[in-house]
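The following exercises concern a predicted model. Each task is followed by a solution in steps.

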Amino acid sequence: MVSFDAEHRAVHYPADRRFRIWIRPSLLIGAGIALLLVIAAAWIEVAVTGMPHIPPVPQIYPNNFTGPHGFPLWVRYSHFFNFLFVMMLIRSGLSILVDHPRLYFNDNCTPDSEWIRVTPLRVPRDRMWTAKDDARYISPFVATPGYRHTIGIARVWHFINVHGFIITGVFFITMLFNTNQWRRLVPASPLVLLQAWNTWVHYATFHLPPEPNGFYGYNALQQIAYFSVVFVFGPLAILTGIAMSPAVVNRFPWYAKIFGGRQAARSIHFLTMLGFLAFLVVHVTLIVMTGFARNMNHIVLGTDDQGHPGMLLGFAGIALVLLSWIAAHYISWHHPRGLQRALKFVAYPMQLLTLNRLVPREKYTEKDISPYFWPNGKMPISENWKQLAASGFENYRLKVGGLVENPVELSLADLERLGETEQITMHHCIQGWSGIAKWGGLPMTKLVELVRPKPEARTVAFFSFGEALYGGPYYDTQRLDNVLKAECLLASQMNGQRLPLEYGAPLRLRVENQLGYKMVKWIERIEFVGSEKLLGKGEGGKNEDDEYFDLLPNI
Ligand SMILES: Nc1nc2c(c(=O)[nH]1)N[C@H]1C(S)=C(S)[C@@H](COP(=O)(O)O)O[C@H]1N2
Ligand SMILES: [Mo]
């Protein structure tokens with residue numbers, strides 16, 4: 001067992017571990033009615049016109065069947081790996097979800113505007129309630145790694161597995177069209193819809209329609225279900241995943257708008273997960289009901305007989321998937337740093353080449369500004385900060401030093417004189433919420449010009465007056481090239497007013513192409529250094545050190 005200090009215990013095993021699901025009643029009723037209607041339609045049709053006709057299954061002579069059929073090795077491998085990766089994605093996705101246990105169709109994330117929440121709590125409005133306060137515990141039996149505030153590790157599993165998922169998907173679809181197997185999945189005519197309805201009427205009234213042997217063909221409803229999983233749910237999950245990237249959304253807001261906005265994309269991402277799960281349940285039920293042994297021989301061995309080997313090997317495959325969850329859990333507890341590094345090894349160079357090149361552009365207007373903006377982080381408790389705050393930060397001096405030609409100490413008035421700009425941008429927290437605000441302050445480029453970093457300065461470190469979740473001062477770092485991008489701001493204003501205390505007064509960082517935790521609040525000093533490895537535990541920031549977050553979170 002991993003032993004925890006008091007802070008970690010409080011976070012990983014919070015006293016309140018209740019799990020509740022609340023869905024907006026109008027939605028629940030609407031979905032319930034829609035489902036009842038299609039079931040009722042089936043019953044009425046049978047009562048009025050009788051059971052619809054489904055053409056008899058043609059007799060198949062295996063020796064002269066010319067159409068695409070069977071389960072070649074590549075289908076069987078893709079099926080197994082897809083199962084492995086999708087289950088991991090679902091389990092790690094659930095861990096990510098409960099870190100901000102609310103889903104919305106609006107980008108402001110105002111409490112009580114969510115359509116579903118997986119927490120028993122409503123947001124208290126009479127005191128400060130941070131997004132971290134709102135995070136929930138989820139059991140390791142249903143999620144990877146499944147304990148509270150390990151969103152860093154959950155993301156490692158999600159992003160490692162998404163590579164496998166995409167590679168398997170691309171391989172599978174390429175092979176489908178390289179052979180004639182695609183004809184088994186792609187409906188050939190609109191008539192298939194009518195046949196699918198007829199099949200549905202059978203199922204909905206508790207009849208099994210005449211089943212074709214899946215080795216040679218699928219029934220219409222089955223074909224549409226397989227088609228949807230491969231060509232709709234899979235791609236949609238990937239595309240909505242990308243629509244949650246701050247680098248993408250603050251460069252191309254239209255991309256998120258395709259899905260109805262950044263939070264609608266997150267909701268759809270969740271709904272594709274439900275789609276996969278619903279498919280899984282129905283798929284497995286029907287596999288068992290329509291000739292389990294034969295079906296298992298198809299997908300495991302590629303043979304078409306009634307023997308037991310396919311079933312036994314299939315169970316072994318399922319056991320392997322279950323084992324992968326236990327292994328993932330074990331590695332998460334015992335080797336979190338190794339996991340973080342494994343993802344970084346692949347993701348860091350790839351992001352430098354891709355997402356990190358997108359330079360954020362202001363694309364929002366005053367009317368987009370969110371009426372509510374989730375706060376995050378622990379308010380500073382240091383006497384020093386409290387005294388500065390009490391006098392309106394009149395005596396505050398921002399110290400900028402390290403590897404620079406011209407170290408400076410600047411008051412808020414000095415900063416103002418250096419020239420301030422404003423920008424309206426969307427904030428993306430790693431936990432999943434977003435919010436749009438107007439920020440005003442000094443562009444980091446101007447500060448860099450003033451202090452003149454030495455050639456060996458590669459990294460800029462921002463230190464906070466505030467403490468981090470597990471204690472110790474909060475800090476984070478940026479690559480020098482990123483602070484030189486447009487919209488990297490030392491903000492002293494929010495929505496046209498002086499930065500409120502809870503949002504980071506006197507100064508906080510804005511880095512619009514990255515996630516919220518990079519934007520240090522309550523900045524005490526700035527230091528130019530050779531590398532992030534020289535600070536803290538060397539991972540690039542307090543969250544990177546303690547919670548295994550990414551060094552470069554463009555997504
Ligand atoms: N000093 C300090 N800065 C911090 C944090 C923190 O815990 N301490 N949290 C970060 C996180 S996770 C987010 S999402 C943003 C939240 O900014 P907001 O409170 O303005 O929404 O601040 C970031 N800056
Ligand atoms: Mo965050």
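**Exercise 1.** Determine what span helix H2 (residues 25-49) should have, and compare this with its end C-alpha atoms.

*Solution.* Just after H2, glycine 50 adopts a positive phi of about 85°.

**Exercise 2.** Describe the chain over residues 71-294.

*Solution.* An unreviewed UniProt entry lists residues 71-294 as "domain: Cytochrome b561 bacterial/Ni-hydrogenase". Over this range the chain is 62% helix and 2% strand. The end C-alpha atoms of the range are 12 Å apart.

**Exercise 3.** State how many cavities of 30 Å³ or more the structure holds, and characterise the lining of the largest cavity.

*Solution.* There are two such cavities. The largest has a volume of about 120 Å³. Its lining comprises 13 residues, of which Gln340, Lys344, Asp550, Leu551 and Leu552 lie nearest the centre. Helix H14 (residues 336-353) gives the most to this lining, with six residues. By class, eight lining residues are nonpolar, two polar and three charged.

**Exercise 4.** Identify which strand gives the most to the lining of the second largest cavity, and classify the lining residues.

*Solution.* The second largest cavity holds about 90 Å³ of space. Among its lining residues are Tyr348, Thr477, Gln478, Arg479, Leu551 and Leu552. Strand E9 (residues 473-479) gives the most, with three residues. By class, the lining has three nonpolar, five polar and three charged residues.

Methods:
Residues are numbered from 1 along each chain as its sequence is written. Chains are lettered from A and ligands numbered from 1 in the order in which they are written. This is a predicted model: local features need pLDDT of at least 70, side-chain atom pairs count only at pLDDT 80 or more; totals for chains, interfaces and linings use all residues. Side-chain values use heavy atoms; hydrogens and water are left out. Helices (H or I, at least four residues) and strands (E, at least two) are DSSP runs, numbered from the N terminus. The expected span of a helix is 1.5 Å times one less than its number of residues. UniProt positions are given in the numbering used here, feature names are shortened, and annotations may be inferred rather than shown by experiment. On a 1 Å grid over the protein atoms alone, a cavity is a set of points where a 1.4 Å probe fits but cannot get out, and a pocket is an open set with protein on both sides within 12 Å along at least five of seven lines; lining residues have an atom within 4 Å of a point. Grid points are joined across faces, edges and corners, and a volume is the space filled by probe spheres set on the points. Ala, Val, Leu, Ile, Met, Phe, Trp, Tyr, Cys and Pro count as nonpolar, Asp, Glu, Lys and Arg as charged, and the others, Gly among them, as polar.
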